Amino acid sequence: MPEPARPKLLARVVGFATARPVTVVLLVGALVGLSLLALRRLELGGSIYDLFPREPGPVADLAAYTRHFGGREELIALVRGPDPAQVERTTRALAAELGRSPLLKEVRSGVEGASAASALSASLLLLAGPEVWPAIARRLTVELPAQVSRLRRLLLTPIGIDPALVTRDPLFLAELVLGGLEGGVDRQSGLYASADGRAALVFAQPVGPSSDGELCARLEQLAGELSRRFTREGASVDFTGGHLYAASMAAALRRDLALSSVLALLGVAFVQLLFFRSLRLLPLSALTAGAALSFTLAVAALSVGHLNALSLAFAALFIGMSDDALIHITAQTRAFSAEPPAPRLRLAVLTVAPATITATLTVIAAFLCFGLGSFAGLAHTGLLAACGLAMNLVLALVFFPALGTLLPPGPGPSGSTLIDRWLERLSAGAQRHRVVVLTVALLLGAAALLAARELRFGEDLTRLAPSGIAPALTDRAIARAFERDQSRFIVLVEGKDLEATLAANDRVAESLATLSRARGPVSSFLTLSRVLPSRATQ
């Protein structure tokens, strides 16, 4: 029977690799050099929205809300201290320092000019909703003596009070009308300050987007310098924002990618030394896996352009699984130890090639199925792992035998090793007591299924960023200082223009008001309609 076409072609390719090993090695080396040039375009970090499901739903809406209102493209400074006066001085000095930086084009630390209450004093009664009028009535009747005493104390205070606050808002209507709005503005200083004055915010607009890696690095350096300087002067200053997240995520991803890759390589090397006892096998495996990894990273750079928190895991997955083909080829060379290096490797590759190709293609197909899921980041991970395994398969059949011809793997231990004897005894014992082994395996499997019933899936996709990086710590500190309730239900209203959006927002506010009456499912709500209703509503 004539040989099938595919083995003939494979035999020619492998024969060429073992007959012209220098040519093959130089060709692969040149391709690796080209791939390294493409790696300059690869970014680490990407967008956190790659980790969100792609289909419409609450998580996609949360991503849209964060894009619009999350301050992803702002640099945010948090100033904290035990003394409100010190916090105010540091906040103003920090805002002035940020305003001088060429990396920032706009800095806001609060409402400029008049105090917040004075700025809205002419419109306070117009902004008052139905729930405000009963409170106003109480202040004009039951609480009036207390309000008079409060005004008298303020007027007699020798320092610190804004006269406009007393004359234009004597009943402190701003407390009622604006009191429910988040992240308040201090009515005396005009700063974006917490209720106790011990925390304040400064917002700055960078000159470029967070996709500019160089700008992110320079902003991270600026934030570090200012934080150290003002912290030494008595107040704590921390920074967050999309640009700092991008810089911190990139640094964390680089560290994790390097650590996982090095540990995976060391683990593979340890296993090879343990079972094959050949130091010459290590450079063969490392060079083959390194070439395949560089090709795969080049594909990532040219296709998507970045690695995110999920897709960086492909490197460790790839290193762990790609060594299978090399181990089978190396083990098979022991069966042809009497042959010279080139024929020995050629026979070993052709012997294991059908099984190796079939096994690798099944794993590749499994990884490609990741693309059928809802998560873009997981689909990217599957694509890179499948691509890496395909590259490694080609290199194992061509590059590895060429390298092995130049640097043949060692013959291995001559006699039976301790591990071999232990495995032989284990196998013999399992055969003698196969009923016991099967029974124990079934019992353990049943117990595992029972334990798996308690498995729960993570819900908080917004906290996939490393929890220990500086911007994440600052975000949690801001939430503690300015957000009274972090378990909120958010309604995102979008429209074709501003007026249509405001009108829709007014209708949502009416529905929420209905739900909040008579101990309904909504205890309280905050809405833009309180300060900016649509023209039709006005």
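This is a predicted model: local features need pLDDT of at least 70, side-chain atom pairs count only at pLDDT 80 or more; totals for chains, interfaces and linings use all residues.
In which helix does Phe275 lie? Phe275 belongs to helix H12.

Buried residues fall under 20% and exposed ones over 50%.

Together with Phe270, Val271, Leu274, Trp422, Leu423 and Leu426, Phe275 makes a nonpolar surface patch of about 660 Å². Two helices, H12 and H17 (418-432), each supply at least two residues of this patch. The largest share comes from H12, with 4 residues.

Now go inside. Nonpolar side chains tend to be buried together in soluble globular proteins. In this model, the largest nonpolar core has 46 residues. Those with the most contacts inside this core are Val28, Leu307, Phe314, Phe318, Ile329 and Leu395. Several helices give two or more residues to the core, including H1 (5-19), H2 (21-38), H13 (281-303) and H14 (314-333). H12 (242-276), H15 (341-368) and H16 (376-406) are also on that list. H16 gives the most, with 12 residues.

Take Val28 as a guide to this core. Which residues does Val28 touch, not counting residues up to four places away in sequence? They are Ala291, Phe295, Leu395 and Phe399. Leu395 is also named among the core residues with the most contacts.

Next, turn to the strands. Strand E2 covers residues 75-80. Of its 6 residues, 5 are buried, so E2 is largely enclosed by the rest of the structure. What pairs with E2? One partner is strand E5 (residues 199-206), joined to E2 by 6 bridges. E2 and E5 run antiparallel. Here Ile76 stands opposite Phe203 in E5. Another partner is strand E6 (residues 236-241), again joined to E2 by 6 bridges. This pair, too, runs antiparallel. Leu78 stands opposite Asp238 in E6.

Finish in a loop. Glu339 is found between H14 and H15. Is Glu339 buried, exposed or partly exposed? Its relative accessible area is 37%, so Glu339 counts as partly exposed. Leaving aside neighbours within four places in sequence, Glu339 is in contact with Arg344 and Leu347.

Technical notes
Residues are numbered from 1 along each chain as its sequence is written. Side-chain values use heavy atoms; hydrogens and water are left out. A nonpolar core is a set of buried Ala, Val, Leu, Ile, Met, Phe, Trp, Tyr and Cys residues joined through side-chain atoms within 4.5 Å. Buried means under 20% relative accessible area, exposed over 50%, partly exposed in between (1.4 Å probe, protein chains only). Contact means heavy atoms within 4.5 Å. Two strands pair if DSSP finds at least two bridges between them. Patches are made of residues with over 30% relative accessible area and no salt bridge: like charges are joined within 9 Å, nonpolar side chains (Val, Leu, Ile, Met, Phe, Trp, Tyr) within 5 Å. Accessible areas come from the Shrake-Rupley method with a 1.4 Å probe; for residues, only the protein chains shown count as cover. A salt bridge is a side-chain nitrogen of Lys or Arg within 4 Å of a carboxyl oxygen of Asp or Glu.
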